[in-house]
Amino acid sequence: MPLPHQSPYIRIALPDDEEELSLLDRGTWSHLHAVTPEPQPPYRPFFDERHAPDDHLVAELDRRIVGYIRLGFPTPLAANAHVRQIQGLAVSDEARGRGVGRALIRAAVEEARRRGARRLTLRVLGHNTPARKLYESEGFVVEGVQPEEFFLGGEYVDDVLMGRSL
């Protein structure tokens, strides 16, 4: 059933969002953006020691989670603690084309700024044209390409590094 057109409500994830986020993550898995194998039972927890609830912003439409974005640090080094990295973005199929991904990216930019970051970076697969266009439209630029970095679904795929100042 299509969702009514409205702006998504963006908030920081809560521990109670675990199951809904796990289902969303598994439901949106694709070689278009995933470099890991398709999830199989028993499923790993969505939140773990590296990815806490407050590392995620979630998008809700009609009180249902329809997307998330994960903000992390690119390395554990103090020398680049001023950089945050988008380490995951997913939008449910029924919410695509409704501005959810854009709203999550904009919220992540603001949250990274609020947390003191000066830069925001990400990695996106070269063949993921829709995501690359969305990131570019939100001020991200290509800062590097690692050619044929991954072998996915029978083909070699570039890893594109993108970033922007905050």
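1. A residue is called buried here under 20% relative accessible area, exposed over 50%, and partly exposed in between (1.4 Å probe, protein chains only). By this criterion Tyr68 is buried, at a relative accessible area of 5%, and Phe46 is likewise buried, at 5%.

2. The basis of the note is as follows. The model is predicted, so local features need pLDDT of at least 70 and side-chain atom pairs count only at pLDDT 80 or more, while totals for chains, interfaces and linings use all residues. Residues are numbered from 1 along each chain as its sequence is written, and side-chain values use heavy atoms, with hydrogens and water left out.

3. Four aromatic pairs are present in the structure. Rings of Phe, Tyr and Trp (its six-membered ring) pair if their centres lie within 6.5 Å; planes under 30 degrees apart count as stacked, over 60 as edge-to-face and the rest as tilted. One of the pairs is formed by Phe46 and Tyr68, which are edge-to-face with 5.0 Å from centre to centre and 85° between the planes. This pair links distant parts of the chain: Phe46 belongs to the loop between α1 (18-27) and β2 (56-61), Tyr68 to strand β3 (residues 64-72), and the two are 22 residues apart. Helices (H or I, at least four residues) and strands (E, at least two) are DSSP runs, numbered from the N terminus. Ring pairs also bring Phe47 into a cluster with Phe46 and Tyr68.

4. Tyr135 and Phe140 form an edge-to-face pair, because their ring centres are 5.7 Å apart and their planes stand at 70°. Both of these residues, Tyr135 and Phe140, are buried.

5. Two arginines are placed over aromatic rings. A charge sits over a ring if NZ of Lys or CZ of Arg is within 6 Å of the ring centre and within 35 degrees of the ring normal. Arg70 lies over the face of Phe46, 5.0 Å from the ring centre. The charged end of Arg26 sits over the ring of Tyr43, at 3.7 Å from its centre.

6. The whole structure contains 12 salt bridges, each being a side-chain nitrogen of Lys or Arg within 4 Å of a carboxyl oxygen of Asp or Glu. Among them is the bridge between Glu60 and Arg11, whose closest N and O atoms are 2.8 Å apart. Glu60 is in strand β2 and Arg11 in strand β1 (residues 9-12), so this bridge ties together parts 49 residues apart in sequence. Glu60 is buried at 16% relative accessibility, and Arg11 is buried at 15%.

7. A further salt bridge joins Asp159 and Arg123, with the closest N and O atoms 2.4 Å apart. Asp159 lies in strand β7 (residues 155-165) and Arg123 in strand β5 (residues 119-125); the pair therefore connects parts that are 36 residues apart in sequence. Asp159 is buried, at 3% relative accessibility, whereas Arg123 is partly exposed, at 46%. Elsewhere, salt bridges with shared partners join Arg11, Asp17 and Glu60 into one network.

8. Arg96 and Asp93 also meet in a salt bridge, at 3.5 Å from N to O. Here Arg96 is partly exposed, at 47% relative accessibility, and Asp93 is exposed, at 54%.

9. Gly99 is located in the loop between β4 (83-91) and α2 (100-114). Gly99 is partly exposed, with a relative accessible area of 36%. Although Gly99 and Gln6 are 93 residues apart in sequence, their C-alpha atoms are 9.1 Å apart in space.
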